Amino acid sequence: VDDVFGTMATQHMHRGDVKALVDLQYALSKRIRNFRFQLGFVASKFRSGSKEDAAGDAALLAAAKHFLWFDHGFEHYESREFDSDAKLEQEMRASQTFAKVHHLPIAHGYAIAPRHSGIYPVNSQLFRVWRKVWNVSVTGTDEYPHLMPASKRRGFVYHGTKVLPRQTCSLFTTTSYWDDFLGGKAAMAASAEGGDLFLTLLRSPVSLFMTHANNYANDRLAHVAFTRLVEFTHKWTNLQLEWAPNGVLAERHFAAFPEDVEPLWESPCADIRHLTTWDRHPSDCQLFPSFLLLGSATSMSAVHALVAMMQAPLSGRQAAFAGCPHFASDSASPLEVVSRLEECNNAWDSTFFSSDQHYGQSVEG
């Protein structure tokens, strides 16, 4: 549950919402063994709303022992907004102090970045400081390799941190009331009872669902969605649902999908959602080559000679050729690959790089 304590007026839970959340957890635990909600707190927003909002925030802290908690950004800033490790660490330390003062039971080794920014496309600074402050070894995003289609989301491992695919359920910061939910209660029921939400659960042995605090306040849409989903699953399938710590979920996911371990790097410039959370300026899209061939020196010499004879691929630019063995690794990002290519051959012809905003091809291998 992201955005606890709210990043907007409709996201604060009130006293009644907190009691209802505790009751919902108890009800779901009858169908999902050991179930516990994980609450992503935005510490700076604590008691930042109305008197009723502040009372709800206080009620959440009073009920803190019932849940697990994780840092969701002290100010809810994106990691790309910090120009140094020290400033990002200061932000995380502030959240950590809040958690200690209020005795929050922490979901150890787990965190979710605001808007998933920095998880994919990766911001190395985020992963580095996460590890230092919170010892994060598991996180999740709905953006890898792309938000849609949801069924194609995957996980990957980056510098020892396991990134799980985070699933959506049509409940976002913009869906606080039934009038906000396309199709209303009937559409929600159809999704949970055999539709998209049910199929999301059915297709994966591990599900990490993203919701937001406002979905448990206001009209409490999340209560309806997950109650219907769990009851439908119990009635019509033989599935045994179980909650597990994030580290166990990660182990099970990568045991089921070992091919997910190695990341598939794609251009952030090819997806507008990725481009808006990338920690580089859009003009850096020009760093990526528009056409890249990989292979042995002998085979590439022959291919290069043939390509040079073809005018269409090289129209308006020159081709560069450089032998550069062993420049990649399992966890090298696209920019790291480019950097290593440049290190291998300082004489690399800069005209190799296209001025196009989108090179449109992913490089795999």
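Trainee: Which residues lie nearest the centre of the largest pocket?
Mentor: D142, L147, R153, T168 and M210 lie nearest its centre, and the lining has 47 residues. A pocket here is an open set of points on a 1 Å grid over the protein atoms alone, where a 1.4 Å probe fits, with protein on both sides within 12 Å along at least five of seven lines; lining residues have an atom within 4 Å of a point.

Trainee: Is this model predicted or what? How are residues numbered?
Mentor: It is a predicted model: local features need pLDDT of at least 70, side-chain atom pairs count only at pLDDT 80 or more, and totals for chains, interfaces and linings use all residues. Residues are numbered from 1 along each chain as its sequence is written, and side-chain values use heavy atoms, with hydrogens and water left out.

Trainee: Back to that pocket. What volume does the largest pocket have?
Mentor: About 1200 Å³. That is the space filled by probe spheres set on the grid points, which are joined across faces, edges and corners.

Trainee: Which element gives the most to the lining?
Mentor: Helix 6, with five residues. Strand 6 (161-167), helix 6 (196-203) and helix 9 (272-277) each supply at least two. Helices (H or I, at least four residues) and strands (E, at least two) are DSSP runs, numbered from the N terminus.

Trainee: What classes of residue are in the lining of the largest pocket?
Mentor: There are 15 nonpolar, 19 polar and 13 charged residues. Ala, Val, Leu, Ile, Met, Phe, Trp, Tyr, Cys and Pro count as nonpolar, Asp, Glu, Lys and Arg as charged, and the others, Gly among them, as polar.

Trainee: And what about the second largest pocket? What lines it?
Mentor: Its lining has 31 residues, with F35, S207, F209, E242 and W243 nearest the centre. Its volume is about 790 Å³. By class, the lining has 22 nonpolar, five polar and four charged residues. Helix 7 gives the largest share, three residues.

Trainee: New topic. How many helices and strands are in the chain?
Mentor: Eleven helices and eight strands. The chain has 365 residues, and 50% of them count as buried. Buried means under 20% relative accessible area, exposed over 50%, and partly exposed in between (1.4 Å probe, protein chains only).

Trainee: Take Q38. Buried or exposed?
Mentor: Q38 is buried, because its relative accessible area is 11%. Q38 sits in strand 2 (residues 38-41).

Trainee: What does its side chain make a polar contact with?
Mentor: The side chain of N246, at 2.7 Å. A polar contact is a pair of N or O atoms within 3.5 Å; within protein, one must be able to donate a hydrogen and the other to accept it, and residues adjacent in sequence count only if both atoms are side-chain atoms.

Trainee: How many aromatic pairs are there?
Mentor: The count comes to 21. Rings of Phe, Tyr and Trp (its six-membered ring) pair if their centres lie within 6.5 Å; planes under 30 degrees apart count as stacked, over 60 as edge-to-face and the rest as tilted.

Trainee: Why is the pair of Y120 and W265 stacked?
Mentor: Because the planes of Y120 and W265 are at 15 degrees, with ring centres 6.3 Å apart. Y120 lies in the loop between helix 3 (85-101) and helix 4 (124-134) and W265 in the loop between helix 8 and helix 9, so the pair ties together parts that are 145 residues apart in sequence. Y120 is buried at 3% relative accessibility, and W265 is buried at 12%.

Trainee: What about F198 and F232?
Mentor: That pair is edge-to-face, 5.1 Å centre to centre, with 85 degrees between the planes. F198 is in helix 6 and F232 in helix 7, so the pair ties together parts 34 residues apart in sequence.

Trainee: Last one. Where are the cis peptide bonds?
Mentor: One joins Y144 and P145, with omega about -10 degrees. Another joins M148 and P149, with omega about 0 degrees. P145 lies in the loop between strand 4 (138-141) and strand 5 (156-158), and P149 is in the loop between strand 4 and strand 5 too.
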